[in-house]
There are 4 protein chains.
Amino acid sequence: MKPRATKQEIQHVIERIEEFGYKVHSIEGEERVVIGVVGVGDVTACLESVEAMPQVEKAVRISAPYKFVSREFRPGKTQVVVDGVEIGGDEFVVMAGPCSVENEKQILHAAEEVARAGARLLRGGAFKPRTSPYDFQGLEEEGLKLLARAREATGLGIVTEVMSDRDVDLIAEYADLLQVGARNMQNFALLKTLGRCGKPVLLKRGLSSTIKELLMSAEYVVAHGNPNVILCERGIRTFETATRNTCDLAGVAALAELTHLPLIVDPSHATGKRSLVPAVSRAAVAIGADGLLVEAHPCPEKAVSDGAQSLDLRQFATMMRELQPWITLWKQMRVTETAAAV
Amino acid sequence: MKPRATKQEIQHVIERIEEFGYKVHSIEGEERVVIGVVGVGDVTACLESVEAMPQVEKAVRISAPYKFVSREFRPGKTQVVVDGVEIGGDEFVVMAGPCSVENEKQILHAAEEVARAGARLLRGGAFKPRTSPYDFQGLEEEGLKLLARAREATGLGIVTEVMSDRDVDLIAEYADLLQVGARNMQNFALLKTLGRCGKPVLLKRGLSSTIKELLMSAEYVVAHGNPNVILCERGIRTFETATRNTCDLAGVAALAELTHLPLIVDPSHATGKRSLVPAVSRAAVAIGADGLLVEAHPCPEKAVSDGAQSLDLRQFATMMRELQPWITLWKQMRVTETAAAV
Amino acid sequence: MKPRATKQEIQHVIERIEEFGYKVHSIEGEERVVIGVVGVGDVTACLESVEAMPQVEKAVRISAPYKFVSREFRPGKTQVVVDGVEIGGDEFVVMAGPCSVENEKQILHAAEEVARAGARLLRGGAFKPRTSPYDFQGLEEEGLKLLARAREATGLGIVTEVMSDRDVDLIAEYADLLQVGARNMQNFALLKTLGRCGKPVLLKRGLSSTIKELLMSAEYVVAHGNPNVILCERGIRTFETATRNTCDLAGVAALAELTHLPLIVDPSHATGKRSLVPAVSRAAVAIGADGLLVEAHPCPEKAVSDGAQSLDLRQFATMMRELQPWITLWKQMRVTETAAAV
Amino acid sequence: MKPRATKQEIQHVIERIEEFGYKVHSIEGEERVVIGVVGVGDVTACLESVEAMPQVEKAVRISAPYKFVSREFRPGKTQVVVDGVEIGGDEFVVMAGPCSVENEKQILHAAEEVARAGARLLRGGAFKPRTSPYDFQGLEEEGLKLLARAREATGLGIVTEVMSDRDVDLIAEYADLLQVGARNMQNFALLKTLGRCGKPVLLKRGLSSTIKELLMSAEYVVAHGNPNVILCERGIRTFETATRNTCDLAGVAALAELTHLPLIVDPSHATGKRSLVPAVSRAAVAIGADGLLVEAHPCPEKAVSDGAQSLDLRQFATMMRELQPWITLWKQMRVTETAAAV
């Protein structure tokens, strides 16, 4: 639609499209409204009819298998706002915290220290996907309550994982950003439910999922009604065993050409090794990611899960301090890009 | 327990173990009952105490991360019975049918023809996991009803996919064997629910899941109460693109050394190419698999999904006929193995 | 050319093609001569001109990046004869022996026993590609002499590896079949030299080479003058670690659709595990391979290399005996195929 | 040896070690000489005997399969000097130029422009490894002569590929840095010859080679007498097809923990896509690599090879300019690290 189209004009266009048998999904940008159309029907007739309507700026046929998440659909970057923190904008956002919520003391201590070091959101798992049925499966709702307490104490919004469509409502009550783990990236029942949950979604790339499949999974969430999706590179599975996974940082740059969604990197899962986290974090800044998801734990060697890849809180603070000059360059680059895009 | 242990004696042993703080899970074999124990506690004391009880044959500590599904737990092969058909026994069992249930005529025609050609179970998808939100998602409950009608008409038990823990009860009403797709192999919420569903489970290996992870996922189902799990090799994701996936047939032989669960091969997804299905099926027989899961469709070029890898019904019948001499050798081999194991 | 074209007629056609600026390469089959043409020029004019010549049966444009090795170039199967043994014909050919030639007693003992068990060629490494510079690098020429002695004693032709274009002449003096190892599949200097060596070549698929790349490497050898190339599947590198490599048996079936060259399987390197060799060998028979390359050693636990995947000589004999009924089915299948192709 | 050990004292120690049956290889650092020992023998006796000798500072047993290339062997970083340019030191070194040398005008123009933009070495292929035998195979010696002319004109040292041990002497006459391509990383005959060639070696990681295998291949060159080896990450082969390869930048950080050798990144081959080269180059700076190997061509769309991943000369200059602030941060980081190591 043209920049100053009224709600009534927009509604009129939507009705016309629906007469052709298509489903309609509109995204409100800052300047204008974009109406996405999916389904099977007489495309040419529909395009012509719509383009003839007043206040319609342009009607374009998009052929990529993903539509709403593509750069063709929205050339600029999307900003997803999580509890007041904007991701995909002018700030490089670090989310940090322990792999699992273990007890009140642990999560509060971690929250306070990561906040002090500059993290803007708190991560912590209450429902844990574990390869073995005999491993710690998370504190579940009790864990969510502890996260809520940490939010009260520190003001940090909460990022936590949801593993089943059955749990979406419960977790959405507590969390500010619902994380889909790598193993659930193609859990389509979950993705559809998240499309209707009203909270932003952090979608991690599957261990062996292509960039295209990641975008298709994001498309599921958006096409089912939720445009607030953040993508996360966390390493893919390859033959290499020196690192836990292979961090596809070039893939982040490739994604940035294909999608307007915010992109973050999880250097902890990507490497599985604490000592590599700072270097990969620097590289994520340099490649142009929008933020980081980092594991930090008061006492990694006592963590119930993923201790080897967690920084301790002092190491996290050191890393944040050393990242600053790189983030300063990142900001200059971001400003230049945004200016160029206008 | 010893072969002739009574229910009371078994119950007595279980109670003793539980006093040590462990969780207990018993599997009833044909000759004897095996009691699996998981948890954290004083292992040595528990072992000694139990071994001292009457009717206890042996108490063994198993160290593999999977227990119930391991050869150490049960040296012989498990037979899973699906609607009267035994898988993992002396018969090589072929399950066949279309990728998706499309309409009554299609599924009835397919069912009749695959039955005539020698298939023992009917496969057909009602809930479809599709990479794109815009692709056909299956007829859902309507599809289940059509499958039930096909069972009435042909007597073939039904194999169909379940994608969410929310759907387990519904699908278990209709299906004889609940299939977990490759993308859900580590959907732990689903696996736990299937542990309590009372119907056998067909667990497909994930695209990038190791053999050990496949066994751990099977362990989830068994440890949550359901010993009737069949594993399915359907190809893994590699760099090679000449075939849709890379069929890890040697992995089936490796699995057979590690687990007592029945093992089947899906040559259709493994190759993605109709012309390769007969050769891979022969190889699956030769490698010692317990059966096949094959896509066969009345008219593959009109299939709503996976047409390129579906045999038509005539091709399926030809393949089944040509497989017979190989299956005859398989039976001789199986008899020799079983005799050697006794 | 037509079946009864004379040498003079053939030469005449070749000259005409060369006038168009193309390079010519002719392959003499049993019934007729096929002339392959590569290069850049006026294709249409050349095709028309040639087709108009007497004794030319057909002029076809082939577009695949590989030409001489493709099924389009030669629809039937090629038979490569190694020291009197035909591979790619009506016999399933097993090549066996130790990974490395270690001493006279070892190689003679191995040769006698594998011959007795039914192997038709003897494998043994004199020049060894080793990941570490500190591992045994082979007996080099001394090893070749020991292999020659084993050939005298048993009549078995010799298969051995060549690692550098510098060694081709030396090794071609002793060996009947020159093996290119997986790590050298794209050593193009070596491939070109083998194109001129006058002895058949066994080309192993690279650890991460696609089927298309394997065919391109074979094309190098053939295009440089040597049509006697046998391809070998020996497992590819994937994320799975339960087996040393992932044996792409379906890839063998895919190759058989694309090329007329003989195809063999190396179950020892493909699995890295002795106990899996018999099952994978059966599957190779069933998939339709033309033979096997198997490691067998008098005393695997004392082998200087690859002991874990070597059968001992008794195990090899047992496997050969148990393979017989499967090979009988293979022969029936081969006869039917050959009849169908005529 | 202690910092001020004399040649005679060093020679004395070497003789003692050789009496134990070991092979000795010494590396002269700036401050002291380190003597590496490999072979099989009575380790304990040898260690004790040597440690008792005057001027021996310490005798340590190293267990990693690679020795000379490990951080245990030399804790600081190695600087390799190529035609006066130090790699692995305080300067971030960019090597650039076209994939193939095509003609005098092309290579001279490219050399002048990359020099002007800040490149310190000129890359260009004269011997080209090509998947297809029908693709351009390089100008060979004629190409080397053109590279030499470009060196005269610009002062830039020359980096070029060697594909066969047979060509090492010829190429070493012209080149300042001999490149081993990914497909030859385990061409052990070539590696051994390069150990004796007297020129520095640039060893590219194989498409499916692990970090450990890369280090083992470097060990081949060093153990055969050449300590001047630079390692290059150029992307590994995975299931992802959105980029030509998957650039393992975290692997560079992992390598830096394991080896003292200089590490560079080839963003052109790693991504296969021109538009991604600047972002990956920034990330390589941030991860702490020692330099870049970049394809830049006067007219990429007319390049005989790899045009899609080549920057044009203007794009290269822009990238170099935009990299400067990141390289400034890199230098500060390098200074801090070096200071910390002292």
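# A tour of helix contacts and ring pairs

Start by selecting D:Trp326: at 3% relative accessibility, this residue counts as buried, because the cut-off for buried is under 20%. Keep in mind that this is a predicted model.

**Stop 1**

Now look at the rings. A:Trp326 and D:Trp326 form a tilted aromatic pair, with 6.2 Å from centre to centre and 35 degrees between the planes. What does the pair of A:Trp326 and D:Trp326 join? A:Trp326 lies in helix α11 (residues 313-341) of chain A, and D:Trp326 lies in helix α11 (residues 313-341) of chain D, so the pair joins two chains.

**Stop 1: the helices around that pair**

Show residues 313-341 in chains A and D. α11(A) and α11(D) pack with their axes 10 Å apart, at an angle of about 180 degrees. Angles over 145 degrees count as roughly antiparallel, so α11(A) is roughly antiparallel to α11(D). Next, pick out the contact residues. From α11(A), select A:Pro325, A:Trp326, A:Leu329, A:Trp330 and A:Met333. From α11(D), select D:Pro325, D:Trp326, D:Leu329, D:Trp330 and D:Met333. Colour them by class: this contact has ten nonpolar, no polar and no charged residues.

**Stop 2: a ring pair inside chain A**

Over all chains, the count comes to 14 aromatic pairs. For another of these, select A:Phe188 and A:Tyr220. Are their rings stacked or edge-to-face? Their centres are 4.7 Å apart and their planes are at 25 degrees, so the pair is stacked. The cut-off for stacked is under 30 degrees. A:Phe188 sits in helix α6 (residues 188-194) of chain A, while A:Tyr220 sits in helix α7 (residues 211-223) of chain A. The pair therefore ties together parts that are 32 residues apart in sequence. A:Phe188 counts as buried at 1% relative accessibility, and A:Tyr220 counts as buried at 0%.

**Stop 3: α8 and α10 in chain A**

Stay in chain A. Select helix α8 (residues 249-258) and helix α10 (residues 277-287). They pack at an angle of about 20 degrees, with their axes 10 Å apart. That makes α8(A) roughly parallel to α10(A). α8(A) passes α10(A) in a right-handed crossing. On the α8(A) side, the contact uses A:Leu249, A:Ala250, A:Val252 and A:Ala253. On the α10(A) side, show A:Val280, A:Ala283, A:Ala284 and A:Ile287. By class, the contact has eight nonpolar, no polar and no charged residues.

**Stop 4: α7 and α8 in chain B**

Move to chain B. Select helix α7 (residues 211-223) and helix α8 (residues 249-258). Their axes come within 11 Å and cross at roughly 50 degrees. That makes α7(B) oblique to α8(B). The crossing of α7(B) past α8(B) is right-handed. Show B:Ile211, B:Leu214 and B:Leu215 of α7(B).

**Stop 5: a serine to finish**

Return to chain A and select A:Ser268, which is in helix α9 (residues 267-271). Is A:Ser268 buried or exposed? A:Ser268 counts as buried, at 0% relative accessibility. Leave aside its neighbours within four places in sequence. A:Ser268 is then in contact with A:Lys273, A:Val277, A:Leu293, A:Val294, A:Glu295 and A:Gln309. Last, draw a distance from A:Ser268 to A:Gly118, 150 residues apart along the chain: their C-alpha atoms are separated by 18 Å.

Key:
Residues are numbered from 1 along each chain as its sequence is written. Chains are lettered from A and ligands numbered from 1 in the order in which they are written. This is a predicted model: local features need pLDDT of at least 70, side-chain atom pairs count only at pLDDT 80 or more; totals for chains, interfaces and linings use all residues. Side-chain values use heavy atoms; hydrogens and water are left out. Axes are lines fitted to C-alpha atoms, for helices over the stretch in contact, and angles run from 0 to 180 degrees between N-to-C directions. Helices (H or I, at least four residues) and strands (E, at least two) are DSSP runs, numbered from the N terminus. Angles under 35 degrees count as roughly parallel, over 145 as roughly antiparallel, 65 to 115 as roughly perpendicular and the rest as oblique. A crossing is left-handed if the near helix is turned anticlockwise from the far one by less than a right angle, and right-handed if clockwise. Contact means heavy atoms within 4.5 Å. Ala, Val, Leu, Ile, Met, Phe, Trp, Tyr, Cys and Pro count as nonpolar, Asp, Glu, Lys and Arg as charged, and the others, Gly among them, as polar. Rings of Phe, Tyr and Trp (its six-membered ring) pair if their centres lie within 6.5 Å; planes under 30 degrees apart count as stacked, over 60 as edge-to-face and the rest as tilted. Buried means under 20% relative accessible area, exposed over 50%, partly exposed in between (1.4 Å probe, protein chains only).
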